[in-house]
Each structure stands twice: as C-alpha cells, then as structure tokens.
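I opened my notebook to record what I looked up in this structure. The entries follow in the order I made them.

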Amino acid sequence: MIPATICIVLVCIGILFFLGGAVGIIRFPDFYTRMHAAGKGDTMSVFLILMGLAAYQLADFNLANLLVAGKILFITIFIMWASPTSTHALIKAGFEEGQKLWTRNREKEDSDR
Amino acid sequence: MESFFIFAGIAIFALMFPIVWRIIVGPTAIDRIVAVNVIGTKTTALLVIIGMIYGRVEMFVDFALTYALLNFIGSLAAARYFDRVNPSKNFSNSEPKEQES
C-alpha cells in the first residue's frame, strides 16, 4: 500500500513538472529561455516518474523485482547525467550559430513566434 | 493501480502534443532539435509505464535503456553536426573557417 502511494505521488508530481516544461517550451519567446524550460523540466520530470515506478516495482520484494528496480534506477542516473550534457551541447551549438537574445523591444517586431 | 498507469501514460502522451507544435512551427532548426530531444526523453518514461501496464517490465525496461542511450547519442550528434554546418559568425574560439566561398 505504501509503495503504491509513493508511486502515485511521485508520478503526479513528475507529470506536473512535464506540464511546466511543455508550457515553457510553448510560451517562452527566446531560444535560450526555451532551452531553460526544456532542460530543467525534462530532467526533473523523468527523474520523478522513474523513481516512482521503481518504488512501485519494489512492492513485492524478490530478486527479479530488485533487478528491474535497479535497471530503472540506472536509467534514472543515466538521464540525470545525459540530459544536462545534451542541453549544454545544444545551447553551445545555438550560441555559436548566433541566436539572438530576446529583449523587450524586439517583442513588438516579431510577437507571433 | 493499472488504471492509474493508463492515466499517466495518456497524460504524458497528451502533453507531447504542445512540443510537436514547437517542432512544426519552431523558428530555427535548433529549436526543433531541442523539442525532439525532449520528446525522446519522455518516451523513456512512457516505455516503462507501458511495461507496467502490460506486466512485462523486465522486457520494456531494456527498451527504455536502449532508447535513452540512442536519444542521448542522437541529440549530441545533431548538436555537433549543427555546429559544424553553421560556421562560427563572430564570437567563437573554435577553428577558423577552412573555405571561403
């Protein structure tokens, strides 16, 4: 009963983080601010969802379920390592390509992005 | 508990559609690469949830692990390729341009 409750709470918080990331990707005006929403919301939501699923997997405890929970934990660790790395690589590529920074005056010129 | 997993999968799948909108109307190519990277990372969580629904987590977790590796390599390769085909304009410490057209 307790692992199911932990799973439901963590997955719901993860979906909430994903909602924030999606709204940020839609509504931010700039490449760098969109990258901010994408990187952080992405990493945290996948971390919470996979930790919740690993907690539910340990509801009945035996060796096979422990192995599967360890694999899910490994995916979580890998994503916590890989998602900031790819975010950094993408934002470096965008910076060297010469993406414009958002300022308040340019909002009136192209507000329909 | 299975109905909760179905709800979570549907919620994650429905929240991918705004990001697909960003892929379609994204102003530059690097925005599209970012959105594809976000969808790929979410697919990792969605695969584990699908495994929970089917009751075959020990099989789907390997798919999710492979998908996470492929998504990381793919987005990193796309970023490096995008960096290569767009030569540096004004601020960069990378190598100078080889050929002038």
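Is α2(A) largely enclosed by the rest of the structure or largely exposed, and how many of its 27 residues are buried? I looked up the count: 20 of the 27 residues are buried, so α2(A) is largely enclosed by the rest of the structure. I call a residue buried if 20 or more other C-beta atoms lie within 10 Å of its own, exposed if 12 or fewer, and partly exposed in between, with C-beta atoms placed from the backbone.

**Ground rules**

I note that this is a predicted model, in which local features need pLDDT of at least 70, side-chain atom pairs count only at pLDDT 80 or more, and totals for chains, interfaces and linings use all residues. Residues are numbered from 1 along each chain as its sequence is written, while chains are lettered from A and ligands numbered from 1 in the order in which they are written. Helices (H or I, at least four residues) and strands (E, at least two) are DSSP runs, numbered from the N terminus.

**Helix lengths**

I checked α2(A) for its span. The expected span is 1.5 Å times one less than the number of residues. For α1(A), 26 residues should span 38 Å, and the end C-alpha atoms are 38 Å apart, which agrees. For α2(B), 26 residues should span 38 Å, and I found 37 Å between the end C-alpha atoms, which agrees. After α2(B) comes B:Gly55, with a positive phi near 80°.

**Chain B overall**

Chain B has 3 helices and 0 strands. Its pattern along the sequence is α-α-α. Of its 101 residues, 33% count as buried. I also looked at contacts (two residues whose C-beta atoms, placed from the backbone, lie within 7 Å). Among those in chain B with a separation of 6 or more, 49% come from residues 24 or more positions apart.

**Where the chains meet**

I find 38 residues of chain A in contact with 43 residues of chain B. On the chain A side, α1 (2–27), α2 (31–57) and α3 each supply at least two residues. The most come from α3(A), with 16 residues. By class, this side has 26 nonpolar, 6 polar and 6 charged residues. Here Ala, Val, Leu, Ile, Met, Phe, Trp, Tyr, Cys and Pro count as nonpolar, Asp, Glu, Lys and Arg as charged, and the others, Gly among them, as polar.

Angles under 35 degrees count as roughly parallel, over 145 as roughly antiparallel, 65 to 115 as roughly perpendicular and the rest as oblique. The contact of α3(A) with α2(B) includes A:Ile79, A:Ser86 and A:Leu90 on one helix and B:Asn37, B:Thr41 and B:Val48 on the other. Its residues divide into 9 nonpolar, 6 polar and 1 charged.

Next I checked α3(A) against α3(B) (residues 57–85): the angle is about 10°, with the axes 9 Å apart. These two are therefore roughly parallel. Their contact has 19 nonpolar, 2 polar and 4 charged residues.

**Single residues**

A:Ser86 lies in α3(A). It counts as buried, with 24 C-beta neighbours inside 10 Å. Beyond four places in sequence, A:Ser86 contacts B:Asn37, B:Phe72, B:Ser75 and B:Leu76.

A:Val46 lies in α2(A). It is buried too, with 28 other C-beta atoms within 10 Å. Apart from residues up to four places away in sequence, A:Val46 touches A:Ile79, B:Thr41, B:Lys42, B:Thr44 and B:Ala45.

**The core**

Of its 50 residues, A:Leu50, A:Leu53, A:Leu90 and B:Val48 touch the most other members. The most residues come from α2(A), with 12.

Definitions and conventions:
Axes fitted to C-alpha atoms, helices over the stretch in contact; angles between N-to-C directions. Core = buried A, V, L, I, M, F, W, Y, C linked by C-beta atoms within 7 Å.
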